[in-house]
Amino acid sequence: MNVNIINCLKPSLWCISRRKLVDLPQTLSVQISKRSYADTPKVPKNVIGHIYSASSQPQNGRVYDRKPFKIRLYPNKDYMWCLCGWSKSQPICDGSHKSPQFKSELKPIKFRVEEEKDYYLCNCKHTKLRPFCDGTHKTV
């Protein structure tokens, strides 16, 4: 019998597929394996984040979209990530934050990457890894 177990409650175990408590024998042993982090992809970082203070703005912009934007980025090139959420060329800043109609005090985040590849940039504007997506859009 193959069941998915999510929570252990002393002699009984919760079963997702049946949505009820199921009594299992005491001799059943559950093995938990540690996840190998060698297989996980490297978290991207802003190479010049320590130079520009705009990265440390405490506010978040308006939510533009609830999913990240996949974009090909190249090393040794500076990019400006829109934090205010008003840019028409999301996720890259087009200067919309300067418009008086939006009344935004948020400045774009200047960033650079280490290698050429596809990156996921945050569109919900609530990421902790500015400008890269960290999955926060799932809870916003």
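Reply: Asparagine 76 is placed in the loop between strand S4 (69-73) and S5; strands are DSSP runs of E with at least two residues, and they are numbered from the N terminus. This is a predicted model, in which local features need pLDDT of at least 70, side-chain atom pairs count only at pLDDT 80 or more, and totals for chains, interfaces and linings use all residues. Residues are numbered from 1 along each chain as its sequence is written, and side-chain values use heavy atoms, with hydrogens and water left out.

Me: Why is asparagine 76 called exposed?
Reply: The relative accessible area of asparagine 76 is 71%. Exposed means over 50%, buried means under 20%, and partly exposed lies in between (1.4 Å probe, protein chains only). Asparagine 76 is therefore exposed.

Me: What is the phi of asparagine 76?
Reply: Asparagine 76 has a positive phi of about 60°, although it is not a glycine. Most residues other than glycine have a negative phi.

Me: What makes lysine 103 exposed?
Reply: Its relative accessible area is 73%, so lysine 103 is exposed. Lysine 103 belongs to the loop between S5 and S6 and has a positive phi of about 50° without being a glycine.

Me: Where is proline 131?
Reply: Proline 131 is in the segment after strand S7 (117-121). The peptide bond from arginine 130 to proline 131 is cis, with omega near 5°. Most peptide bonds are trans.

Notes:
Helix = DSSP H or I, 4+ residues; strand = E, 2+ residues; numbered from the N terminus.
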